[in-house]
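Colleague: I am new to this structure and would like a close look at a single part, the place where one chain meets the other, together with the elements around it. Could you take me through it slowly?

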Amino acid sequence: MPQLVAPDVALLPLLPILLVLTGALISTLLGFWVGRRVLTVINIVTVVLSGASMMLVWNRNLTSFAGGLQADNAAILLGLTILVGTLMTLLVSLDTAWRERVSFPEFDAMMMYAVTGCLLIVFSGDLIVMLIGLEIMSLAGYVLATFQGSRRAEESGLKYFLLGAVGSAILIYGIAFVYGATGSLNYAAIAAKVGSVSNLTPDNVGILVGGSLLLLAGFGFKIALVPFHQWTPDVYSGTSTTTFLFLSTVVKVAAFAGMLRVFGGALTDAPGWASVLQVLTAATLIIGNTAALLQTNFKRMMAYSAVAHTGFLAMCLLGTPELGGAALGYYLLVYTLMTGAALAVLAALQRTEAGFEISDMRGLYYRHPAYAIALSVCLASLAGLPPFAGFFGKYLAFQAAFQNGYVWISVLAAVTSVAALIYYLRPAMLMFMPDRTPAREYLHGQRSPTTFTVGLGVAGITVLGILPNVWYSWVANPAIWQFLAGR
Amino acid sequence: MFDPQWLPTIMIFLPLLGSLLIFVTPNRWRDEMAGFIAAVTLGLGLMIWYAGGSGLLSLNWIPALGITYSVELSGVSLALAMVTAFMSFIAVLYAARRIPNPGTMLALILAMETGLLGIFAARDLILFYVFFEDALLPSLLMLAIYGKAHRMRALVKFAAYTLFGSLLMLVSIIGVRYLGGSPTFALVDLKQHLVTGPAQTWLYLGFLTAMAVKLPLWPLHAWLPDFHEQNHDSGIPDVMGTLYKVGGYGLFTFAIPLFPDASLELRPILMGLAAFTALYSAWVAFGQKDWKRLMAYAGLSHMGFVALGVFSLNETAVIGAMYLLAFQNLYTGALFLSVGMVQERIGSLDTRVGGLMTSAGALGGLTMALWFASIAVPGFAGFIGEFSVLLGAYQVSPWLAFVAGITTIAAAAYALTAFQTTFWQARPLGGVVVRDLVHTEWLILGLPLAVAIFFGVYSAPALNLMQPAVRSVLSALGGN
């Protein structure tokens with residue numbers, strides 16, 4: 001008589017995800033009776049609670065579903081980053097959603113579902129959970145991109161959906177290959193198998209390499225790695241700016257977290273993928289930065305800058321798990337803060353969803369001094385100028401790649417950063433040039449939630465730039481990242 | 001007395017604090033506020049000098065990464081820091097006089113002073129990098145806010161050159177620590193763990209790129225003329241830009257101790273480039289019809305001398321180079337301001353306006369004295385610098401010293417020709433009456449000139465300050 005074993009369901013490690021899911025469900029149901037702004041406030045509360053619950057499980061390495069879900073420290077650090085991005089998006093949406101014509105409850109519901117998916121990726125302990133999280137995130141993301149109901153948004157959503165679906169399909173195929181090669185879906189079990197490659201017969205090594213490359217391509221779609229980046233500029237610049245903020249910070253952080261789990265953890269010792277990733281990273285650095293240099297529209301430039309930043313972030317994955325993980329953990333938070341604050345200013349000051357032309361930004365400092373200074377701080381940080389945190393992010397990425405032997409990538413990144421500096425600096429400096437023509441931005445954009453978001457971002461990148469230890473000392477512990485790799 | 005260890009830190013960050021305070025100061029007190037902060041900063045520098053150097057202050061900034069906050073002002077760095085504080089003070093004086101509603105400009109001058117003092121005080125490579133870039137932002141903002149019609153092009157060029165160099169330097173910095181195996185980025189630790197072999201040469205090249213852009217050294221100098229030409233007519237941003245030419249100092253403090261073999265190996269090529277820079281830019285300066293561009297090339301020519309001295313690795317020449325680097329700031333800066341005064345009076349930067357001397361004798365006289373300082377007439381500080389560089393470089397490479405020596409003749413040619421066509425010759429019919437120096441303008445041109453003459457006649461205090469520092473750096477080369 002076979003014994004019926006109760007499944008291993010621990011609720012505590014699930015708590016952060018469940019709280020966010022509660023927000024999503026409340027938005028779905030209560031949306032019939034209350035206004036969206038109330039729901040947004042409720043969601044802000046659930047996000048903050050979710051962050052607090054993450055503190056509760058810090059350093060306890062709890063697992064659930066027999067290792068399918070892991071609330072280890074890496075998950076918590078990246079999860080907090082995701083929540084910061086979500087909080088910024090929610091706050092900005094309080095001000096701008098009505099102007100972007102996306103102010104209905106479904107917007108909040110979809111966003112919170114997407115965040116649930118993101119957290120699921122971050123907390124995943126095996127490939128299936130990761131995939132489920134990725135699908136929830138992506139499906140909600142496709143809807144969000146389309147929400148605005150303009151032709152550009154529809155085009156953007158459809159493009160995102162079609163290419164995202166291809167990416168997902170490739171990813172699933174990759175998962176199947178990896179399972180075929182190693183006989184397991186669990187990260188730790190895969191890492192144990194791969195760690196001693198002698199366990200794998202030569203045939204299986206081929207399958208493993210194929211699987212990891214397919215996974216790389218699948219993730220490449222999600223993080224906009226060249227040549228899988230084609231959708232990014234159109235989707236980001238076509239959708240509403242609030243959604244752009246969400247997709248380029250939260251969703252990207254989650255996809256990178258998934259990559260860190262898979263490539264920095266399960267497949268660390270697997271052959272093949274690193275050499276392909278370095279080529280793709282180099283291509284991303286070159287194409288992302290060069291294309292951004294040619295843009296005349298600020299929103300589209302920021303979309304390309306997101307691609308370029310994928311290149312810098314991907315350099316962290318080339319490092320050893322200890323250095324690369326710590327670098328990625330630091331850089332992702334900084335990236336979220338600076339991109340979030342910059343796009344918050346854009347969302348507040350743009351007249352239409354097309355964003356504004358870079359030439360329209362001339363003299364912004366004399367019309368909106370606070371926002372202009374904040375935006376130029378964000379742009380300086382994105383460009384990697386000290387004393388802002390973007391510099392240390394870049395430095396850590398360079399160091400991670402350099403110390404793992406990818407010297408040429410760090411030299412290439414240094415050279416392409418010059419292009420990055422030019423395209424970030426041009427609008428930043430244009431804002432300070434006196435101008436006598438009439439303003440071409442929305443004059444009533446300065447509202448307190450947006451100002452709070454921008455202030456949060458600017459304070460964050462300044463403090464993290466002058467005292468990087470505030471965050472880096474949390475992510476620097478090598479044990480966190482070695483644990484991912486099963487060491 | 002107060003522990004001098006902390007003085008550099010206060011001296012570095014006081015101007016930054018001042019630049020923030022300016023925005024909360026009422027409009028009418030902003031000039032006084034900025035002047036007060038700049039003067040106190042200079043006073044702190046004198047206090048450190050009086051205490052005989054500050055000693056090293058080292059704190060763990062980011063322990064996980066081995067990045068320290070190490071600052072020290074002594075020897076060469078102290079001399080440069082004091083000149084920086086002095087010229088910033090002069091720039092504040094002139095900004096208060098020349099620019100209407102000068103709050104922003106004063107704040108930018110002070111913010112930049114922080115970056116510059118930090119560059120000279122930093123004894124940790126990452127900290128050096130941070131200050132190196134910190135000085136860039138105020139400099140760009142000055143150009144953006146106060147620049148002329150084609151400033152965007154000049155701005156992008158300036159920023160792109162600087163960042164191209166400094167990012168390669170960043171890669172080098174990472175490499176220096178990692179390949180050498182040093183526990184921190186502090187200079188004292190890095191000196192114990194030198195990188196050897198061909199890797200050292202490559203890392204040196206990365207470092208050199210940044211410093212060559214900032215020297216500037218041919219062929220990485222192209223940003224300089226545009227930068228000066230497009231900056232505000234008053235010449236204040238140019239004073240700060242001149243102070244920002246820290247390449248010679250960076251090479252001296254970091255490159256020679258950390259890359260001794262590579263410095264020796266590349267010495268002939270680099271000395272050749274330096275001598276060529278000096279001569280070539282003096283030649284180009286001769287053809288300029290715009291004072292700002294002429295000054296840019298004249299400054300570049302001086303920097304060729306500085307580079308020649310540093311690259312020669314000869315004690316006399318290095319001391320001369322540091323002496324020249326420090327004191328050329330005085331007269332090059334003051335000349336930029338005198339050009340600004342001429343522009344204020346006649347509305348033109350052209351070198352062929354003619355006849356200013358007839359009505360503005362004091363302006364003409366002081367300008368001429370400053371030009372004499374600039375072309376290294378004996379009795380001015382520049383002479384001691386250039387002569388020592390040539391004397392030292394001659395012992396290493398007589399022919400290159402000869403090439404650079406021709407520059408002094410060329411310098412006299414371009415400087416005196418342009419001076420003559422502006423200040424002498426006939427005043428064109430209908431030209432405006434030119435007002436002579438008034439109020440603080442006397443101080444603005446007179447003080448730098450007085451200091452340049454003082455250290456030209458009595459060089460011992462400055463030499464005593466620099467000599468031990470240069471000896472200890474060159475001792476890294478091992479008996480050269």
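Modeller: What follows starts at the contact between the chains and then moves to the helices, loops and single residues around it. Please keep in mind that this is a predicted model.

The contact between the two chains draws 26 residues from chain A and 24 residues from chain B. On the side of chain A that touches chain B, helix 16 (389–403), helix 17 (407–430) and helix 19 (469–475) each supply at least two residues, and helix 17 of chain A gives the most, with 10 residues. Sorted by class, that side of chain A has 19 nonpolar, six polar and one charged residues.

From helix 15 of chain A the residues Ser376(A), Leu379(A), Ala380(A), Leu382(A) and Ala383(A) take part, and they meet Ala420(A), Leu421(A), Tyr424(A), Leu425(A), Pro427(A) and Ala428(A) in helix 17 of chain A. The residues of this contact divide into 10 nonpolar, one polar and no charged. As a general point, an α-helix has 3.6 residues a turn, so residues three or four places apart point the same way.

Between helix 15 (369–383) and helix 16 of chain A there is a loop that holds Pro387(A), and the peptide bond from Pro386(A) to Pro387(A) is cis, with omega near 5 degrees. In general, most peptide bonds are trans, and most residues other than glycine have a negative phi. Another cis bond runs from Val226(A) to Pro227(A), again with omega near 5 degrees, and Pro227(A) has its place in the loop between helix 8 (202–223) and helix 9 (231–238) of chain A.

That loop between helix 8 and helix 9 of chain A also contains Ala224(A), whose phi is near 65 degrees, a positive value in a residue other than glycine. Ala224(A) counts as buried because it has 28 C-beta neighbours inside 10 Å, where the cut-off for buried is 20 or more. Ala66(A), in the loop between strand 1 (62–64) and strand 2 (69–71) of chain A, likewise has a positive phi, of about 50 degrees, although it is not a glycine. With 13 C-beta neighbours inside 10 Å, however, Ala66(A) counts as partly exposed.

Returning to helix 19 of chain A, one of the helices that supply residues to the side touching chain B, we find Ser473(A) within it. Ser473(A) has 13 C-beta neighbours inside 10 Å and so counts as partly exposed. Although Ser473(A) and Ala326(A) are 147 residues apart in sequence, they are 9.3 Å apart in space, C-alpha to C-alpha.

Chain B deserves a look too, through its helix 7 (residues 151–180). At 1.5 Å a residue, the 30 residues of this helix of chain B should span 44 Å, and its end C-alpha atoms are 42 Å apart, which agrees. Of these 30 residues, 23 are buried, so helix 7 of chain B is largely enclosed by the rest of the structure. Gly181(B) follows this helix of chain B, and its phi is positive, near 75 degrees.

How values were computed
Residues numbered from 1 in each chain as written. Chains lettered and ligands numbered in written order. Predicted model: local features only at pLDDT ≥ 70, side-chain atom pairs only at ≥ 80, totals over all residues. Contact = placed C-beta atoms within 7 Å. Helix = DSSP H or I, 4+ residues; strand = E, 2+ residues; numbered from the N terminus. Nonpolar A, V, L, I, M, F, W, Y, C, P; charged D, E, K, R; others polar. Expected span 1.5 Å × (residues − 1). Buried ≥ 20, exposed ≤ 12 C-beta atoms within 10 Å, placed from the backbone.
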